[in-house]
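Dear colleague,

Please find the structure below, handed over for your records. My notes on what was found in it follow directly after.

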Amino acid sequence: MNIIYNNLCKLTIDLQLHRDQGKKIGLVNGTFNIIKPDHIDLFLYTKSLCDILIVGVNNESFLKRNNKKTIYSSSDRACIINNIKSVDYVLVGPSSGCNEWNNEILELCPDILVKGINYTIDDVEGGEKEACERVGCKLYIMNKNNSSSVYFNDIKHVVPKVNWR
């Protein structure tokens, strides 16, 4: 499969075939600026809970609204993630003007949403939690010892001259 989508409607249509076959759909989302072992663990963990894994990659407008910086563009990050075996679909988003993935959750109706190890249930944005409740999506938090955000901060200190977008 491994297809990159920039259009939520097209992905929603393609997912219907999987739903008709009784397959369970999982979603993870994030910036994934530099792919780290924790990200691979997140994808593998989520894939163990579902049949079809969608990875949502935060786009530039989302990052700008949230004052986040990246090394790679969203299309580069999506391309890298698209080549990971456990990933079935990549969606670049969220939709215009949103600070959360709640619209995508409402449209895609995943069976599960998994957040990374640097989250607690209280850290999950209200819109995403509410969207999960509305569509019957189970919310999971991956439980691990190390946070990818710790590694990312270490990298920024080691390579301070990188042009962070």
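Cys-79 is located in helix H4; helices (H or I, at least four residues) and strands (E, at least two) are DSSP runs, numbered from the N terminus. Cys-79 is partly exposed, with a relative accessible area of 41%, where buried means under 20% relative accessible area, exposed over 50%, and partly exposed in between (1.4 Å probe, protein chains only). From C-alpha to C-alpha, Cys-79 and Asn-2 are 9.7 Å apart in space, although 77 residues separate them in sequence.

This is a predicted model, in which local features need pLDDT of at least 70 and side-chain atom pairs count only at pLDDT 80 or more, while totals for chains, interfaces and linings use all residues. Residues are numbered from 1 along each chain as its sequence is written, and side-chain values use heavy atoms, with hydrogens and water left out.

The sheet

Six strands form an open sheet with parallel pairing, in the order E1-E4-E3-E2-E5-E6; two strands pair if DSSP finds at least two bridges between them. Strand E1 (3–5) and strand E6 (138–141) stand at the edges with a single partner strand each, so one side of each is left without a neighbour in the sheet. On average, neighbouring strands of this sheet are turned by 25 degrees against each other, direction ignored; axes are lines fitted to C-alpha atoms, for helices over the stretch in contact, and angles run from 0 to 180 degrees between N-to-C directions.

E1 pairs with strand E4 (residues 89–93) in the parallel sense over three bridges, and Ile-3 has Tyr-89 in E4 as its bridge partner. Helix H2 (residues 37–49) packs on the sheet, where H2 touches strand E2 (25–30), strand E3 (52–58), strand E5 (112–115) and E6. Contact here means heavy atoms within 4.5 Å. The direction of H2 makes about 160 degrees with that of E5.

E5 is joined to E2 by two bridges, and these strands run parallel; Gly-26 has Ile-112 in E5 as its bridge partner. E5 is also joined to E6, again in parallel, by four bridges, and Ile-112 stands opposite Lys-138 in E6. In a regular strand the side chains alternate between the two faces of the sheet. In E5, Ile-112 and Val-114 point one way and Leu-113 and Lys-115 the other way, and all are buried.

Helix H6

E5, helix H6 (residues 126–135) and E6 make a right-handed β-α-β unit. A crossover is right-handed if, with the strands pointing away from the viewer, the path from the first strand over the helix to the second runs clockwise. Which residues of H6 are buried? They are Gly-127, Glu-128, Ala-131 and Cys-132. These residues cover an arc of only 135 degrees around the axis, which puts them on the same side of H6; the arc is that of the directions from the helix axis to the C-beta atoms. On the other side of H6, Glu-133 and Arg-134 are exposed. The buried residues of H6 pack against E2, helix H5 (102–108) and E5. Gly-136 follows H6 and has a positive phi, near 75 degrees.

The nonpolar cores

A nonpolar core is a set of buried Ala, Val, Leu, Ile, Met, Phe, Trp, Tyr and Cys residues joined through side-chain atoms within 4.5 Å. The largest has 18 residues, of which Val-28, Phe-32, Phe-43, Val-55, Ile-81 and Val-87 touch the most other members. At least two residues of this core come from each of H2, E3, helix H4 (74–82), E4 and E5, and E3 gives the largest share, three residues. Beyond its neighbours within four places in sequence, Phe-43 is in contact with residues including Val-28, Phe-32, Leu-53 and Ile-84. A second, separate core of 17 residues includes Leu-15, Ile-52, Leu-108 and Cys-137.

Loops and backbone

Phe-32 lies in the loop between E2 and H2 and is buried, with a relative accessible area of 5%. Its phi is near 50 degrees, a positive value in a residue other than glycine. Asn-67, in the loop between helix H3 (60–65) and H4, also has a positive phi, near 55 degrees; Asn-67 is exposed, with a relative accessible area of 70%.
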